[in-house]
Amino acid sequence: TDPLVSHGRHFGRAIDAFCKPFPLIKEGVARARSSICSCDHKGGSLPSKREHRVFQELLKLSPGLDNRVLKASEQELHYIADMFRKGAAASRGDDTKSLKSVIIDWITPPGGSLVPPLSRNIKTDRGYYHYTTGRLLCPVVLDWEDEEVRKSLRSGEIVVSGNDWHSFLYVGYKLNPEKPWEGFLRSDLLLSAFKHVFTSPSSVERDVRATRSGNAELHGMQSVTVGSLAYIATMVVRFALSSNSVFTRNDKATASEIFYRDIVNFLEKETEKKEVEALLGWWNSFVYLLFSFSHQPLTTSQANFPSLSCRV
DNA sequence: ACGCAGTGGAACGGTCGTAA
DNA sequence: TTACGACCGTTCCACTGCGT
């Protein structure tokens with residue numbers, strides 16, 4: 001298969017999970033072409049800064065792609081975009097599939113069991129219907145111990161959206177109202193899911209049994225990105241923990257895409273810059289430890305890739 | 001509002017390469 | 001030989017747009 005599909009897999013996981021590749025590429029190419037011929041026309045809608053950056057990141061994933069898209073016909077642009085779309089969809093499918101069952105292990109208390117038990121491959125009794133998944137999904141500003149809260153969440157009387165971040169995003173599942181950044185996006189559950197997807201499923205446990213390179217290594221991932229954090233959070237909250245049996249990007253009950261965008265937008269706010277740098281540094285140091293412990297000797301094909309620990 | 005067809009996307013069974 | 005983990009192919013489902 002076309003290596004673009006593989007690049008698309010990483011694009012979805014680490015850069016932008018939900019964008020439509022064709023408009024992104026087409027508009028990016030149009031901007032590049034117009035600046036090359038120095039026509040300097042300001043036609044069309046002004047792209048957001050982010051949109052332009054995502055386009056640049058996409059080009060970086062595939063060697064020579066920048067020149068290729070500049071010369072490409074409309075038809076070829078469609079083809080390239082379709083390969084990226086396919087890859088992103090495939091990786092999402094694989095991740096939902098594997099996280100769905102393994103998350104049961106992570107939320108089961110060590111040495112204990114879930115009451116009532118949850119099936120590894122059936123999701124209907126997850127979400128707010130189960131005490132454990134409900135506690136993790138409950139907005140951190142609400143008190144899950146309050147029976148009225150539980151009732152309202154189950155009946156849909158309380159609709160969770162926007163910046164009502166879920167408890168599982170926080171260390172200890174608790175918010176410190178004085179310091180809202182404390183423990184935010186640093187929970188064990190997120191860390192496990194991140195390792196599962198980006199280093200290897202077995203790297204979540206102590207003894208790494210991987211026989212192949214993980215996704216981060218395969219794609220030369222240099223550091224934890226905002227996109228990858230949002231992706232992991234979305235996969236966990238909106239799919240693995242929820243009671244929806246189907247992952248949909250814009251259905252009202254899960255609203256995965258909205259959740260993802262909320263996280264990304266928040267982390268890219270100028271006002272949060274300092275905290276976000278600290279957050280990414282924290283993640284990078286964790287992943288660095290993990291990566292160096294699990295490291296297999298590099299093969300020649302892998303030796304060209306920078307190690308995951310390059311930055312921060 | 002309804003039926004219809006086309007399309008994209010998610011689930012899942014399976015394959016294949018790798019390393020112990 | 002076996003376990004592991006990335007990736008692929010098939011099938012099914014939900015959404016969209018169109019005509020009536």
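Read along the sequence, chain A of this predicted model follows the pattern α-α-α-α-α-α-α-α-α-α-α-α-α. The count is 13 helices and 0 strands. Chain A has 312 residues, and 47% of them count as buried. Its accessible surface comes to about 16,400 Å². Carbon and sulfur atoms hold 54% of that area. Contacts were also sorted by distance along the sequence. Among contacts in chain A with a separation of 6 or more, 67% join residues 24 or more positions apart.

Helix 1 spans residues 3-15, and Val5 lies within it. Val5 is buried because its relative accessibility is 18%, under the 20% limit. Beyond residues up to four places away in sequence, Val5 touches Met83 and Gly87. Ala89 is 84 residues from Val5 in sequence. In space, the C-alpha atoms of Val5 and Ala89 are 9.7 Å apart.

Helix 5 covers residues 74-107 and contains Ser91. Ile80 also lies in helix 5. Ile80 has a relative accessible area of 0% and is therefore buried. Its contacts, not counting residues up to four places away in sequence, are Leu4, Ile25, Leu65, Arg68 and Val69. One of these, Ile25, is 55 residues from Ile80 in sequence. The C-alpha atoms of Ile80 and Ile25 are 8.7 Å apart. Ser91 is buried too, because its relative accessibility is 1%. With neighbours within four places left aside, Ser91 is in contact with Arg9, Arg13 and Tyr231. Arg9 and Arg13 fall within the range of helix 1, 3-15. Tyr231 falls within the range of helix 10, 226-240.

The largest pocket holds about 1,300 Å³ of space. Of the 34 residues that line this pocket, Ala14, Ile15, Glu57, Ser223 and Thr225 are the closest to its centre. Helix 3 gives the most, with 7 residues. By class, the lining has 14 nonpolar, 9 polar and 11 charged residues.

Phe286 is partly exposed because its relative accessible area is 35%, between the limits of 20% and 50%. Lys195 is 91 residues from Phe286 in sequence. The two C-alpha atoms are 9.9 Å apart in space. Lys195 falls within the range of helix 8, 188-199.

Several backbone features lie in loops. The peptide bond from Val115 to Pro116 is cis, with omega near -10°. Pro116 sits in the loop between helix 5 and helix 6 (131-137). The loop between helix 7 (147-155) and helix 8 (188-199) contains Tyr173. Leu185 is found in the loop between helix 7 and helix 8 as well. Tyr173 has a phi near 60°, a positive value in a residue other than glycine. Leu185 likewise is not a glycine, and its phi is positive at about 60°. Their accessibilities were examined next. Tyr173 has a relative accessible area of 26% and so counts as partly exposed. Leu185 has a relative accessible area of 0% and so counts as buried.

Cysteines were considered last. A disulfide is a covalent bond between the sulfur atoms of two cysteines. A search of the whole structure finds 0 disulfides. Cys19 counts as buried because its relative accessibility is 18%. Cys138 counts as buried because its relative accessibility is 0%.

Terms used. Residues are numbered from 1 along each chain as its sequence is written. Chains are lettered from A and ligands numbered from 1 in the order in which they are written. This is a predicted model: local features need pLDDT of at least 70, side-chain atom pairs count only at pLDDT 80 or more; totals for chains, interfaces and linings use all residues. Side-chain values use heavy atoms; hydrogens and water are left out. On a 1 Å grid over the protein atoms alone, a cavity is a set of points where a 1.4 Å probe fits but cannot get out, and a pocket is an open set with protein on both sides within 12 Å along at least five of seven lines; lining residues have an atom within 4 Å of a point. Grid points are joined across faces, edges and corners, and a volume is the space filled by probe spheres set on the points. Helices (H or I, at least four residues) and strands (E, at least two) are DSSP runs, numbered from the N terminus. Ala, Val, Leu, Ile, Met, Phe, Trp, Tyr, Cys and Pro count as nonpolar, Asp, Glu, Lys and Arg as charged, and the others, Gly among them, as polar. A disulfide is a pair of cysteine sulfur atoms within 2.5 Å. Buried means under 20% relative accessible area, exposed over 50%, partly exposed in between (1.4 Å probe, protein chains only). Contact means heavy atoms within 4.5 Å. Accessible areas come from the Shrake-Rupley method with a 1.4 Å probe; for residues, only the protein chains shown count as cover.
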